[in-house]
Structures are given as C-alpha cells and as structure tokens.
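Grab a pencil and have the model open beside you.

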Amino acid sequence: MAMRWDNLTAPPVEGDPERAAPATPPLPLALPGAVARTFDTPEFAGMTFYEVQAKSILNRVPGQSRVPFEWTINPYRGCSHACVYCLGADTPILMADGRTKPISELEPGDRIYGTERRGAYRRYVITTVLDKWSTVKPAYRVTLEDGTMLIASGDHRFLSERGWKYVTGAMHGRARRPYLTINNRLIGTGRFAVGPKESLDYRRGYLCGMVRGDAHLGTFSYSYGTVHRFRLALADDEALSRSERYLALEGIKTQRFTFAQVSTTRRAMTAIRTSKQRDIETIGDLIRWPVEPSDDWRLGFLAGIFDAEGSCSRGVLHISNSDDAILDQTTAALRHFGFACVREDRGLPNRVREIRLTGGLAARLRFFHLTDPAITRKRSIEGGALKHQGALKVVGIEALGLELPLWDITTGTGDFIANGVVSHNCFARNTHTYLDLDAGADFDRKVIVKVNAGELVRRELAAPRWRGAHVAMGTNVDCYQRAEGRYRLMPQIIGALRDFANPFSILTKGTLILRDLPLLREAAEVTTVGISFSVGFVDEHLWRTVEPGTPHPRRRLDAVRALADAGFSVGVLMAPILPGLSDSDESIDATVSAIAAAGATSVTALPLHLRPGAREWYAHWLAREHPHLVPRYRELYRAGAYAPQAYQRELTARVRIAARRHGLHRGEQGDSRRPPEPTPPPAAEQLTLL
C-alpha cells in the first residue's frame with residue numbers, strides 16, 4: 001500500500017490569517033495537486049508545508065528490510081539538505097522481469113534489479129522500489145565510450161572502477177567529494193537496446209519460431225478420413241498467451257485445454273488447439289520461411305524460437321534444435337544483429353545441436369531487450385556478476401546549461417541499474433527517521449502533510465483484508481515533529497487505532513506526545529501500546545550543535561517520566577551515540593543515569609550510522625566544529641556506513657554495564673497497564689544520519 005502522489009488535492013483553508021497564499025508553483029512535478037503554505041510565526045520561519053490528500057496511509061515495510069515491524073503510519077514526510085534527484089525521465093531502469101521501464105513511470109512496490117556484494121563481486125539481485133520523487137535541477141550529460149548517454153544532476157552518483165563517484169565535485173573546499181573524470185569506467189553492461197515494435201512481421205516471425213520449435217502441426221490421413229491438427233503445449237503461460245493472441249489477430253481461434261497435470265517431476269502444461277482445415281492451412285502459410293526476412297520478422301523469430309527451444313542458465317544462453325533450417329535461420333538472424341554465436345554438436349539424441357550466444361551478460365541482456373521473449377523466468381540475470389566493460393569509459397561530462405525535470409528512487413539495495421550502469425539511489429526522503437541526528441534541520445525547510453491521514457486510517461483499518469497487525473509510528477519521520485502542533489493529525493490516528501483495538505507503537509523525540517496522553521490511556525485499555533523515546537545524550541552544548549530542532553534531551557526525559565507515571569513501559573533508544581563526542585564513559589554514565597531516573601524500563605545503544613550523502617554533510621560539519629576528530633572518523637568509517645563490529649560491541653557492553661549500575665531493567669511482562677515497548681532495531685542496525 002505504497003504512497004502515491006498522483007491526483008492529490010488539498011483545498012485552501014479560509015479564514016486562517018496565519019496561512020499565506022499557496023506557493024507558485026507548489027512542486028508541480030513531484031506533488032501535483034498539493035497546496036503549499038507558509039506560516040507567519042517564528043517557529044515555522046523558512047518552512048513550507050505541502051498539504052496533500054493521500055491515497056493510502058498504512059504502508060508495508062519491504063520484506064528485505066532489517067527493521068522488526070511490518071506496517072507503518074507516517075502522516076508527515078520531511079525533506080532536507082540530503083535530497084538528491086538524479087536522472088532524466090526517459091532513463092530506462094532494469095526491471096525484475098528482464099525488461100526496462102522509464103524511471104518516471106516507476107511506482108513504489110515495483111520490482112527491479114539492484115546489486116549486492118557477494119564475495120569478490122557485486123551481483124545482480126532483485127529489489128523493490130520504496131519511493132520515487134522528481135524535481136527540477138541543473139542537468140548534466142554524461143557520455144560513455146559505447147554511446148551511452150545519461151542525463152543527471154551533479155549530485156547523482158554512479159559506480160565506477162574506483163568506487164562511487166558524483167557527476168560533479170571539487171578537489172578542495174566545501175564541495176570536495178569524489179567525482180567523475182574523463183577515462184573513469186562505469187560498472188555495468190552499457191546502454192540498453194530498444195525493444196521491438198509489435199508489428200505484423202514481428203508477430204509472424206514469433207509464430208514461426210514458436211510453432212516450428214514446439215508445436216504439432218499437420219494434416220493426416222486415416223482409414224476413417226483426413227484429420228487436421230494444430231496443438232501447442234507449454235508450461236509457461238506467457239508464451240502460450242502471446243501465441244494465442246497472435247493467432248487470433250490472424251483470424252485463428254484456438255481452444256485451451258489441460259495437456260498435462262503437475263507431477264513430482266514436471267510442471268503442469270496447458271495447450272491450445274484447432275482442427276479446422278482453414279486454420280491449419282493459414283498457420284502453414286504464416287510459418288513459411290520468408291525469401292527476404294525483415295528486421296521485425298527476424299526479431300520476432302528469435303523471440304519465438306527462444307521461448308520454444310531456448311534457455312539461459314549459469315550464464316549461458318543457448319537455443320537447441322535438430323532441424324537444420326531452424327538452426328540456419330537462428331544463426332543468420334543472430335549474426336544479422338551483430339551477435340556472436342557458436343554452433344555446437346554435443347552428441348545429444350536425435351541430432352539435437354545447440355547455438356550458444358557468446359559475449360557474456362551484456363550480450364544476453366541485449367538479446368532479451370532487442371527481441372523481447374515472452375517467458376520471464378528465462379530472462380533472469382539474478383546472481384550474475386557485475387564487471388566493468390572497456391566500452392564504458394567516460395568520454396564526456398557536459399553541463400547542459402538548463403534545468404530539467406529529474407527523477408530519483410529509493411530501493412531496498414540502495415542502488416539500481418540505469419541504462420546499463422549501476423546508479424546510486426536517494427536515501428534522503430525515506431530515511432528521515434526518528435533516529436536522524438539532524439532531525440531539526442531535516443524539517444526546517446519542507447514538510448509534506450497528509451491532511452486526510454485520520455480518515456484514511458479508519459477506512460483502511462475497516463477494510464476486510466486488514467488483519468489487525470501491529471503498526472509502528474515514528475519509524476520514518478517523527479510523527480510528533482513541530483508541525484503536529486498545528487495540524488493535529490495524531491489524535492485522529494490514535495483514536496482510530498483505539499476504536500479498532502489495533503496494537504501500535506510510537507517512537508519519537510517530540511514531547512508533544514503528552515498532549516495525547518488521555519487518548520493513549522484509552523487505547524491501552526483495549527490493545528497494546530508501545531512508546532519509546534530517542535535520547536542519545538544529555539549534554540546541552542552538543543544538543544544545541546547537532547539537534548537544534550528537537551526538544552531538549554531533559555524535556556524528553558521529563559516526558560518519559562510523565563508517561564511512566566501514567567503506567568506506560570517506556571523504552572529509550574540511546575541514539576545516536578557519536579564517536580568522540582558522546583561515547584566517553586562520562587557521557588554514557590550521565591545519559592544512562594538520567595534515563596534511569598526518568599523511569600524508563602530499558603535502554604538500547606545505537607551508534608552513529610553514516611550513509612552516503614549524509615556522510616559528506618556530516619564530514620563538513622565535523623571538520624568545521626571538531627577538526628581533531630576527522631582522523632578518527634576516517635578510521636572508523638573507512639569500510640562504509642557502519643562503525644566496526646568491535647566498536648559496536650564495546651559500546652553496547654559499556655551501555656549495558658551503566659544500565660545495571662543504575663538499576664535500569666525491563667518492565668514486568670503481562671501487566672496490562674504497562675504495555676510492552678516497541679521492539680527497537682537490532683544492535684547491529686546503527687543510527688542513520690542524513
């Protein structure tokens with residue numbers, strides 16, 4: 001139930017003198033129909049609120065996510081300095097079915113290819129689109145040696161033979177970052193081939209390959225008369241349905257029937273057939289070898305013969321047959337389109353020989369995209385290794401001198417395949433979490449408000465398919481951020497969860513939660529309600545430096561005490577713990593002591609996690625405010641976003657020792673007045689900084 005931004009509306013509220021006129025234009029590309037507002041009050045100075053009518057509010061967390069909950073509610077969505085938007089709208093993205101789709105047409109929930117490091121190589125894996133946005137930014141054209149062209153913002157990153165690199169950057173100053181230069185090589189297969197058009201010749205070529213490769217066709221004379229027969233039986237419905245449709249377009253109506261039931265050794269097979277003489281004669285005419293085949297016919301034939309007699313496994317694409325004419329036509333068509341192939345006689349029964357495509361993964365992908373076979377399972381490249389190709393050398397990086405609509409997505413793997421090269425996705429929007437070190441600054445500029453959140457929650461909880469699963473709030477954006485004081489969405493949401501007795505948990509830095517204490521008490525009478533606060537340290541100077549937009553840590557602990565006094569079991573995430581700034585024994589002891597004194601029932605340590613993008617921003621802040629710590633951070637985070645496991649274990653142990661020293665323990669289970677706290681992220685999941 002992913003968030004959609006199309007057809008959003010939010011009518012202006014009349015009679016509110018604090019609301020300014022809608023901005024012009026209010027993010028017309030990313031949020032069509034949104035109403036942008038500003039408020040003439042000091043607390044919201046410089047902020048813009050984009051009011052939208054959302055289509056859904058209960059969001060499923062992707063299965064590969066590392067968080068221990070399945071459903072979330074996020075009435076707000078913030079935007080910050082970390083936002084980067086990458087690619088032109090027409091940039092083709094590699095989908096999980098082996099086809100491509102322009103990035104502007106992707107939707108959250110779509111399955112696409114990303115990459116994952118396994119051993120010595122990155123390998124293709126299937127992942128999910130978690131979110132998608134657009135903006136207008138200065139555009140650059142990156143041109144590769146093979147002719148691949150990528151339109152991107154200067155902030156976008158591609159994977160090169162020397163690691164992730166931005167399109168633009170600098171060697172010195174605040175803009176310093178790794179960036180592409182001429183002769184860098186990108187990682188991937190190179191530009192995707194354009195797929196075929198479904199022309200008359202393509203359809204007839206496909207039927208020729210499919211029928212000659214796998215069908216039963218003929219006219220037979222028996223003592224009782226002449227029988228005309230056409231039958232095509234397949235285990236893959238995609239190819240059967242395509243053949244059925246193409247025959248229908250030629251005026252041939254077939255009947256479906258079960259050809260073979262599923263067994264322990266084979267899949268079920270379905271077939272289509274006809275026994276009309278006219279149909280058999282028409283099919284015979286359709287599959288005759290053309291004297292001068294067109295390109296469309298050749299592409300269709302290759303797709304059809306591959307669906308009928310081809311396979312692709314363990315990195316080898318081959319097509320098998322015993323008919324010399326079929327093998328000759330297949331070889332000629334492949335070579336016509338520039339594919340290299342070899343014919344092998346492996347001594348198989350019935351003189352079956354194989355045509356094997358050479359050229360590696362790049363050639364296989366080009367074959368799939370150029371010919372478009374119907375059977376998805378045969379198009380899989382999952383597990384294939386990525387290697388940089390010689391033809392992917394950067395030969396040009398050109399500022400276009402104009403601003404263009406550019407798009408970006410967030411995926412489960414953190415990357416995706418854009419026009420054949422590995423592209424880094426944007427974490428900024430979907431990771432504005434309750435653990436965000438710079439939570440105040442993240443919400444100082446733009447906040448998207450789902451003004452109909454309350455009514456959506458009631459509607460979706462009442463849906464027959466909803467089974468009352470636990471719902472986590474504050475897991476993406478703090479639901480008690482400052483905007484909640486004006487929009488008051490949480491009372492409606494909590495009221496709906498209470499009325500449906502649906503279990504939920506809240507994780508926040510906002511003391512505004514105390515406003516809703518009566519509602520929380522009512523909900524706790526009918527369902528489980530978990531509450532956790534995020535308090536990484538109690539040092540006031542450090543708080544003013546890194547979390548200026550959040551309530552003071554002592555005020556958060558006062559809220560913990562108030563909730564504990566009301567009978568709630570409140571856990572505290574000690575997050576983020578900042579190396580060199582809040583990880584000393586003195587800081588840990590002072591923070592744990594204050595957490596225990598506030599009546600918390602547990603404390604969980606979460607060290608700082610620096611994702612790319614956030615890493616650069618934090619590095620600038622650290623170099624400016626604490627330059628003596630820069631070498632230590634380089635050492636701790638040299639391997640990536642996470643601190644070393646040894647540091648994590650040591651930090652967790654020190655916090656646990658301090659917790660025992662101050663008598664901090666978990667609340668008694670089974671006490672209906674003290675609902676269990678929401679399960680925190682596992683210890684290995686560090687704080688994400690944006």
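Buried means under 20% relative accessible area, exposed over 50%, and partly exposed in between (1.4 Å probe, protein chains only). The model is predicted, so local features need pLDDT of at least 70, side-chain atom pairs count only at pLDDT 80 or more, and totals for chains, interfaces and linings use all residues. Numbering starts from 1 along each chain as its sequence is written, and side-chain values use heavy atoms, leaving out hydrogens and water.

**Exercise 1.** Work out whether D516 is buried or exposed, and which residues it is in contact with.

Solution. Start with the place: D516 sits in the loop between β28 (504-508) and α11 (517-524). Next, its relative accessibility is 3%, so D516 counts as buried. Finally, setting aside neighbours within four places in sequence, D516 is in contact (heavy atoms within 4.5 Å) with Y480, M490, P491 and I494.

**Exercise 2.** Find the buried residues of α2 and say where they lie around the axis.

Solution. First pick out the buried ones: A239, L240, R242, S243, Y246 and L247. Then look at what covers them: α1 (200-214) and α4 (295-309) are included. Just past α2, G251 has a positive phi of about 85 degrees.

**Exercise 3.** Find which residues of α14 and α17 make the contact.

Solution. On α14, take D585, I588, D589 and V592. On α17, take L651, R654, V655, A658, A659 and R661.

Methods: Helix = DSSP H or I, 4+ residues; strand = E, 2+ residues; numbered from the N terminus. Arc of directions from axis to C-beta.
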